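User: I'm new to this one. Could you walk me through how to read it?

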Amino acid sequence: MFVVDKEKCNGCQNCMDCCPCGAIREDDNNEGKCVIDCDLCAECGACEAECPFEAIKEVDESETEQK
């Protein structure tokens with residue numbers, strides 16, 4: 001599963017534009033930064049490759065808390 005590190009995300013939304021599943025949205029509670037809906041995510045890794053701030057990373061399912 002992929003998660004967004006809120007400390008690294010600057011809200012550029014590049015990941016939203018490249019996600020083929022529409023699994024990434026703006027987090028209304030976190031100043032426009034992004035959040036990944038794990039139920040919609042196909043785990044293709046496109047968002048991780050696209051993020052210029054290295055704010056998206058793949059984690060084990062046991063690490064479900066997004067930063």
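Analyst: Here is a short tour, from the overall fold down to one residue. The model is predicted, so to speak of local features we need pLDDT of at least 70, side-chain atom pairs count only at pLDDT 80 or more, and totals for chains, interfaces and linings use all residues. Residues are numbered from 1 along each chain as its sequence is written, and side-chain values use heavy atoms, leaving out hydrogens and water.

User: Which helices and strands are in the chain, and what pattern does it follow?

Analyst: Helices (H or I, at least four residues) and strands (E, at least two) are DSSP runs, numbered from the N terminus. Here the chain has two helices and four strands, and along the sequence they read β-α-β-β-α-β.

User: What does the radius of gyration of the chain agree with?

Analyst: That radius is taken over C-alpha atoms, and the globule rule is 2.2 Å times the number of residues to the power 0.38. For 67 residues a compact globule would come near 11 Å, and the chain, at 10 Å, agrees with that. Its C-alpha atoms fill a box of roughly 25 × 25 × 20 Å along the principal axes.

User: Is Val35 buried or exposed?

Analyst: Buried means under 20% relative accessible area, exposed over 50%, and partly exposed in between (1.4 Å probe, protein chains only). Val35 counts as buried because its relative accessibility is 13%. Val35 sits in strand 3, residues 34–36. Across the chain, buried residues make up 36% of the 67 residues.
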